[in-house]
Amino acid sequence: MPELAEVELARRIWAQAEGQRVTKVTTNPKARIFRDLPAPALQSLVGQLMEGSHHHGKRMYFTFNTSTYLEVHLGMSGKVYRAEHDYAPQKHDHLILTLENCSLILNDYRMFGRVMMHEGTPPWELLPPDPLSRKFTLSLVKEIVAKRPKKVLKGALLDQSLFPGVGNWMADEICWRLQSHPAAPLGSIPPENLYKEVKAVCKGAIKYVADKNESALAKPQALGFSAGGYVAEVPPKNWLFQHRWKAGGSCPKCKSPLERDTIATRTTAWCEHCQK
Ligand SMILES: [Zn+2]
């Protein structure tokens, strides 16, 4: 599933259409991505100006006419593309926004993605703070830890109401940097360290996944994004990320073979030597 930095990269692809008006909306009304919002409701976007966009955790928002927000979730297999104005729909394209100079496409073959619309207050202001935002503070992390001392560390990191945008690989990276076992109780983790490493991994993910790939996406032959499709520019070799899925993968710090098991319902990799 796309995590915070991949969603940010996806947002940047569609954001290149900011400043243009929607001329046509094409939908596949039977697609399950319209389970929260009937597809015909999107026709209200025709004639509206795409003014801005925002990323929050695993969600992205596109602002039209000041106070209308289109929310897009990529789910498991959602991909977004930017294409020519006269783009012809392809298989699994469920939403195409045609704007003055380009088309924005949401393609999702498994259809766990979804779209929603909001009016009025920016919807992200009502959500738990994104770890990259200024509202995500040390005192917030202290409160999170104090209220859930027995919660498993990895489970807490994956909880979207606590750390929105953190997904499986980022959670493993944070545990590894904390030198804490992923199944350790949250109460055993100093909040100062947790705050520092969550911030560092989120910022690093943006740097290595979103920033580095953005230039590659500017090439005309690479207008799309799909989850996991960012491997050309991934976090450096001193991150766990580079080693966690390799057969015989070893800890980038001590070179011990990595352990793997299911923790908090997700496949987890860690170093038994470094993460007591
Ligand atoms: Zn190690």
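Asp93 has Asn107 of β7 as its bridge partner. The model is predicted. The pairing of strand β6 (residues 93-99) with β7 is antiparallel and spans five bridges. Three residues separate β6 and β7, and the two strands form a hairpin.

Strand β5 (residues 79-83) also pairs with β7. This pairing is antiparallel and comprises five bridges. Within it, Arg82 has Leu104 of β7 as its bridge partner.

Strand β7 covers residues 103-107. Five of its five residues are buried, so β7 is largely enclosed by the rest of the structure. In a regular strand, side chains alternate between the two faces of the sheet. In β7, Ser103, Ile105 and Asn107 point one way. Leu104 and Leu106 point the other way. Residues of both sets are buried.

An open sheet of four strands has the order β2-β3-β4-β8. Its pairing is antiparallel. Strands β2 (50-56) and β8 (114-119) form the edges, each pairing on one side only. From one strand to the next, the twist averages 20°.

Met50 has Phe64 of β3 as its bridge partner. Helix α1 (residues 4-15) lies across β2 and β3. The helix runs at about 175° to β2.

Conventions:
Residues are numbered from 1 along each chain as its sequence is written. This is a predicted model: local features need pLDDT of at least 70, side-chain atom pairs count only at pLDDT 80 or more; totals for chains, interfaces and linings use all residues. Two strands pair if DSSP finds at least two bridges between them. Axes are lines fitted to C-alpha atoms, for helices over the stretch in contact, and angles run from 0 to 180 degrees between N-to-C directions. Two residues are in contact if their C-beta atoms, placed from the backbone, lie within 7 Å. A residue is buried if 20 or more other C-beta atoms lie within 10 Å of its own, exposed if 12 or fewer, and partly exposed in between; C-beta atoms are placed from the backbone.
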